[in-house]
Amino acid sequence: MNRIAWLSLACLAAACNGDKDDSGTDADTGDDGPPSFDFNASVKAQSFVATIAPETVAAHQVASALLAGTAVVVSDDKVQDRLRVDGGGEEPPALRAAYGRCWQRPDHPMFSFTIDYTGCQPYNMGGGVFVIDHPSGPLLFGFYDFFIADRTIGGTLAFDTRGAFPSSFFWKVYNTDNSNPGEANRVPIGVTLDRTPYGVTFDGGAALSFLNRTWSMWGVLQTGPIEDPITVVLGGVEPEDVAPDVRAGENALKSSLNWLECRCPTSGISTYDMPLHFTEVTVDIDDLEVEPDDVDDPVMVIPLDYDLDGRAILTHVGCGEYDVEYQADDANIPLSLDRLVGAVSFLCDTKAIPDLNRCNALVDAARDVGDGFTIEVKKADATRTASDAVENDFDTNFCKIY
């Protein structure tokens, strides 16, 4: 009788003995009677399969799109003129940066003007941005179907010296309405990733350095479902690190005013909630035994549905390159008594353990464990998984201009 017909086919495919040596299978069937075992109440995972949530990847792509789009707009020297006047600075125009303009805008714009990126198709950019020096105070970037690669931005960001760090070329930045801007009239930015729309709010700061040829941003970005938004801290670790009236310093995300070098920030830090979703663990029965014998038992591949809370702090070290610090506790994944007994029974039913007496003894040991059995995953192993996920899933090619 099959004791665990409910187990997935993944377990069936992976439960074979492989290269295990079963030559000693009958070692415990001598004159001393059938074997008996005691199992530990926890066991270290031999290996596991885990991924980061797709919502985290999407939040990163949304943040990259907004940061890259803003940096491209700021790279225009006439936009820098508006920022210089609005930001209360005295730097001479000779310090402005202007590189490889593929877009069209008036040669001598006044207070407000439109930038047309239609001619930037070779760089995989298009759409338009309306730069508005609004009479109520803030300088506005109004994005109209502005896109980079497969990401489109729509909506308005306000750059406001009121409430910003009290120095020249610092702004408080927030999403707002185009015609009636202000912190009391917030309209989300829309970012579309490959035809999937996301609403975005941003509260933070920005700074321009003509001397270093850099544009800096920091703040809290939220995106995703209204009832459970994903929060990304840009330029710090905690939200209080990135207040708009605080100089973010070296942790701020900095982009070159030469947009041809890189679309994304190349220094600074960003912090993401990054739970790991476990779908499978592999456990060696030999590790379960309190007193292992000389028989080399097979491994069990156990399907899971378990989330480990964690947070990733990314240090931007190049164009689409990141160092990752992953903050999480050691995981102790609970496994019910029925699933533990079922996983051991499956090895017996499939003859992965051909000795019937040994099978019965192992199943009895699993039953005797009772509730509270856990599978251990060490923080270092979770960190490697998170680092691999960032390397594989976070923006690299999007940032580089070919």
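Which strands does helix α7 (residues 379-393) lie across? Helix α7 lies across β2, β14 and β15, and runs at about 45° to β2. Helices (H or I, at least four residues) and strands (E, at least two) are DSSP runs, numbered from the N terminus. Axes are lines fitted to C-alpha atoms, for helices over the stretch in contact, and angles run from 0 to 180 degrees between N-to-C directions; contact means heavy atoms within 4.5 Å. This is a predicted model, in which local features need pLDDT of at least 70 and side-chain atom pairs count only at pLDDT 80 or more, while totals for chains, interfaces and linings use all residues. Residues are numbered from 1 along each chain as its sequence is written, and side-chain values use heavy atoms, with hydrogens and water left out.

The three strands form an open sheet in the order β2-β14-β15, with antiparallel pairing. Two strands pair if DSSP finds at least two bridges between them. The edge strands, β2 (47-52) and β15 (299-308), each pair on one side only. Strand β14 (residues 276-284) is joined to β15 by eight bridges, and Val-281 has Ile-302 in β15 as its bridge partner.

Aromatic rings also connect parts of the chain. Rings of Phe, Tyr and Trp (its six-membered ring) pair if their centres lie within 6.5 Å; planes under 30 degrees apart count as stacked, over 60 as edge-to-face and the rest as tilted. The count comes to 15 aromatic pairs. Tyr-117 and Phe-146 form an edge-to-face pair, 5.0 Å centre to centre with 80° between the planes.
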